[in-house]
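Reader: I'd like to learn how to read a few backbone features off a model. Could you walk me through them, general idea before the specific case?

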Amino acid sequence: MIINLLGTGGADGVPGFYADSRVSRYAMEHGGKDVRTRTAAIVDGHLKLDLGPETLTQMTREGLWIRDWSALIFTHGHDDHFAPAEIQYALFPFTSHECLPFTIYANPQVSARIWGQYPDWPLDVVVTHSFQPFPHGEYVITPIHANHKEDEDSQNILIQDETSTLLYGTDTGIWPDETWAFLEDYAVDVLVLECSEGFRGTAYHGHLDVYDCIRVVERLRRMGVLREESRVVTTHHAHTGDGLHHELEAALNPHGIEVGFDGMTLEF
Ligand SMILES: [Zn+2]
Ligand SMILES: [Zn+2]
């Protein structure tokens, strides 16, 4: 399995959309790994995770074709992950397709918003529920419940093929007990975990800072969900967390956690 981190920034990206923060200024001056577009990823070149406002730019930057998508899997309905206006461009008259050429998987709330925006369009939307696995081609995909957006079934995503297991944990907060219990049966090869709040934790329950991130990873190691050879990579870094890429590495690398960046690719 290959995961490509198309974007690793928080809701307003880095540099922040209208921000004058230290991290934003550094990103403007130095570029490189400190520039972060809105969080999204793609697995094996065709399982797309979330549809943020920078999707076309991200895919083009990586030399990947949107026409290769077989699935678009939504984690939740926040605007940095859910830009439904983009869906229209996959269909007639922008293309020759009269039916959407990939399947959309989304929780009940996000599905309802898609149907609301495209009431008469031939979209293949499958409603997903946390802890209910579904097949897609050679994969088994299992959403798990995240502690993030209260008014919907916010999901992190387990993706398994014959040999590998990925857990994509963007926008998660500290999981509720039922999610920890569910994960006990899994062995994860690669965990992508958000670290939105960096060194500046806030009162908002729905995101992790550096210290939360380390605690979550250590608990997963104690449970055996993560083994010695498993890789852990961060994503969803907000400029308000006040962590430059190398500063985050200094804090997280000693705990066996790699800091993700736009364009990072992991093969496992
Ligand atoms: Zn987000
Ligand atoms: Zn969110």
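Reader: Which residue does F134 stand opposite in β8?

Author: Start with the general idea: strands of a sheet pair through backbone hydrogen bonds, either parallel or antiparallel. In this predicted model, F134 stands opposite I141 in β8. Zooming out a bit, β7 and β8 (residues 139–145) are joined by three bridges and run antiparallel.

Reader: Okay, and what is the strand order in the open sheet of six strands?

Author: Reading across, you get β7-β8-β9-β10-β11-β12, and the pairing is mixed. The strands that pair on one side only are β7 (134–136) and β12 (226–235), so to speak the edges of the sheet. From one strand to the next, the twist averages 25°.

Reader: Which strands does helix α5 lie across?

Author: Helix α5, residues 210–223, lies across β11 (188–194) and β12. Against β12 the helix runs at about 155°.

Reader: Now phi. What is the value for D44, and where does D44 lie?

Author: D44 isn't a glycine, yet its phi is positive, near 55°. You'll find D44 in the loop between β2 (40–43) and β3 (47–49). D50 is another non-glycine residue with a positive phi, about 70°. D50 lies in the loop between β3 and α2 (55–61).

Reader: Is D44 buried, exposed or partly exposed, and why?

Author: Count the other C-beta atoms within 10 Å: 20 or more makes a residue buried, 12 or fewer makes it exposed, and anything in between is partly exposed. D44 has 17, so it counts as partly exposed.

Reader: And why does D50 count as buried?

Author: Because D50 has 26 C-beta neighbours inside 10 Å, and the cut-off for buried is 20 or more.

Definitions and conventions:
Residues numbered from 1 in each chain as written. Chains lettered and ligands numbered in written order. Predicted model: local features only at pLDDT ≥ 70, side-chain atom pairs only at ≥ 80, totals over all residues. Pairing = 2+ DSSP bridges. Helix = DSSP H or I, 4+ residues; strand = E, 2+ residues; numbered from the N terminus. Axes fitted to C-alpha atoms, helices over the stretch in contact; angles between N-to-C directions. Contact = placed C-beta atoms within 7 Å.
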